[in-house]
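Dear colleague,

I am handing over the structure below, and after it you will find an account of what was found. Please read the account with the coordinates open beside it.

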Amino acid sequence: MSEKLDLLAKVEREILRFDQLMLDISSSFLVETLAPRVHIIKPKPAHRPQTAQRRDVRLTLMAIVHGVEVAGLAVLLELLEGLKAGQIPLEVPLGVALGNLPATQKGVRFVDRDLNRSFGREAVESSEDRRADELEKLLGRSDLMIDFHQVRLQIDRPFWIFPYSKKGYHFARAVAPEVSLITHWGRGFSQEGQCSDEWLNHNGGIGVTMELGQNGFDPAQITLGFGVVKKALAVVTGAHFGHPESPSTTARAPLYTWGEIIAYPPTGGPVLDAGWHNFKMATAGGRLGTFNGQDVCASVSGPVLFPKYPDQPTNGVYGNTAPAAELIRILKVIDESDLPAEK
Ligand SMILES: [Zn+2]
C-alpha cells in the first residue's frame, strides 16, 4: 500500500512541476491554454503572422489518458525542461496535454469510464466525457498527435499501435523505425466512443499511439519516449519548412496486425494458462487456456497481446475491476504490401 502512496505523492509532485514548467516557459514562448493542462506552445515571435487557420498545431503530445500510465507524464516533463533550458528548439506550434488527471491522482485507469473510449461521444455523462471534449479542442487543431500509453502486464519492448492511416504509418516509421508497429483497419465506428488517435483520424488529422512498456516511472521508457518526442519534433519541423528528413536507414522493426482476437465468453470461467505475457509466442493449435473444461487454442501462430487473467483487475493496477471483453489477442506479421492501398 505504501508503494501506491509513494507513487501518488510522486504523481502530485510531477503534476505541480508540469504547471510550474508551463509558467516558466511562458517567458520564452507564447502559451495558449485551451483547458486545464491542455496547452499550445508557440515560438516567440510567432513564426508567421497569426492567421485564422483552424488547424495550426503541427504536433500534439498527450500523456496519462489512462491514469496509471505515468511514464508519458515524465516524458512531457523532460520536454518542458528541455524547452525551458533552451536545449530543444521549437519552431512550430506544439500541443501538450495531460489526459485523465483525476484518475492519475487516484492511481486508477479511469474514474467513470475509459477516457480512451470517450472521444466523439454525444453523451456527457462522466468526467471523462467532459475531458474528452476539452482534449478535442486541441486535437481539432492538430495535424499529428502521439498519445503515450503503457500496458498493464510484463512486456519486453515498446510498440506503436494505431488504426491504419498511410500518413500515420509513415510518420511512426520516420520517428522510431526500430519500434515494433501494430496497425489495424476495417473495424467500423464504435458508438461506445473512440480512442484519441481514431478520433483525430476521423477529424482531419493523424493520430498514433505508442505503448512505452509496463506501467510506471521507468527510466528506460522515459528516455525512449523523450527520444521519440525530439525526433517527432524534428520530423514535423522539417516537413513544415519544406525540408523533409531523408528516409531513415535504421532497420525497421516488424509490422503486425491482428491475427486473431479471442472474445471473453459471456458465461462460465475461461482461464488462461499461467505465464502468458505480451509478445510471448503462441502456436497455431497450441493451448492458451481452458473454458468450461475445453481447451481454448490459438488458430494462428504469433506473439500474443493483452492477455487477460480473470483474477486480476482488468482495468488498472489498483482497481476499477470491470468485465473484460476479450481473453487474448494474437498478432500476425505482415509487410507493407498487406496494408490497405490508400487511406
Ligand atoms: Zn493506455
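**Strands, helices and their packing**

Val271 stands opposite Thr290 in strand S12, where helices (H or I, at least four residues) and strands (E, at least two) are DSSP runs numbered from the N terminus. This is a predicted model, in which local features need pLDDT of at least 70 and side-chain atom pairs count only at pLDDT 80 or more, while totals for chains, interfaces and linings use all residues. Residues are numbered from 1 along each chain as its sequence is written.

The domains come next. The protein is divided into domain 1, residues 2-240, and domain 2, residues 258-338, with bounds that come from an automatic or database domain assignment. Taken over C-alpha atoms, the centres of domain 1 and domain 2 are separated by 28 Å.

To return to the strand pair of the opening sentence, S10 and S12 run antiparallel and are joined by two bridges, and two strands are said to pair if DSSP finds at least two bridges between them. In general, strands of a sheet pair through backbone hydrogen bonds, either parallel or antiparallel. Strand S12 (residues 287-291) also runs antiparallel to strand S13 (residues 294-297), to which four bridges join it; here Phe291 stands opposite Gln294, and Arg287 stands opposite Cys297. S12 and S13 form a hairpin with two residues between them, and Asn292 in the turn has a positive phi of about 45°. Together these strands make an open sheet of three, in the order S10-S12-S13, with antiparallel pairing. Strand S10 (271-272) and S13 stand at the edges with a single partner strand each, so one side of each is left without a neighbour in the sheet.

There is also an open sheet of 12 strands with mixed pairing, in the order S1-S2-S4-S3-S5-S8-S6-S7-S9-S15-S14-S11. Its edges are held by strand S1 (30-35) and strand S11 (281-282), each of which has a single partner strand, so one side of each is left without a neighbour in the sheet. Within this order, strand S3 (residues 57-63) and strand S5 (residues 142-151) pair in the parallel sense over five bridges, and Thr60 stands opposite Met145 in S5. Helix H7 packs on the sheet, where it touches S3, S5 and strand S8 (206-214), and its direction makes about 165° with that of S3; axes are lines fitted to C-alpha atoms, for helices over the stretch in contact, and angles run from 0 to 180 degrees between N-to-C directions.

Helix H5 (residues 166-175) and helix H7 (residues 219-240) pack with their axes 9 Å apart and at an angle of about 120°. That makes H5 oblique to H7, since angles under 35 degrees count as roughly parallel, over 145 as roughly antiparallel, 65 to 115 as roughly perpendicular and the rest as oblique. The crossing of H5 and H7 is right-handed, a crossing being left-handed if the near helix is turned anticlockwise from the far one by less than a right angle, and right-handed if clockwise. Phe171, Ala174 and Val175 in H5 meet Val228, Lys231, Ala232 and Val235 in H7, where residues are in contact if their C-beta atoms, placed from the backbone, lie within 7 Å. The residues of this contact divide into six nonpolar, no polar and one charged; Ala, Val, Leu, Ile, Met, Phe, Trp, Tyr, Cys and Pro count as nonpolar, Asp, Glu, Lys and Arg as charged, and the others, Gly among them, as polar.

The axes of H2 and H7 come within 9 Å and cross at roughly 55°, which makes H2 oblique to H7, and H2 passes H7 in a right-handed crossing. Ala71, Gly72, Ala74, Val75, Glu78 and Leu79 in H2 meet Gln221, Ile222, Gly225, Phe226 and Val229 in H7, and the residues of the contact divide into seven nonpolar, three polar and one charged.

Finally, the axes of helix H1 (residues 2-25) and helix H2 (residues 71-84) come within 10 Å and cross at roughly 25°, which makes H1 roughly parallel to H2.

Technical notes: Contact = placed C-beta atoms within 7 Å.
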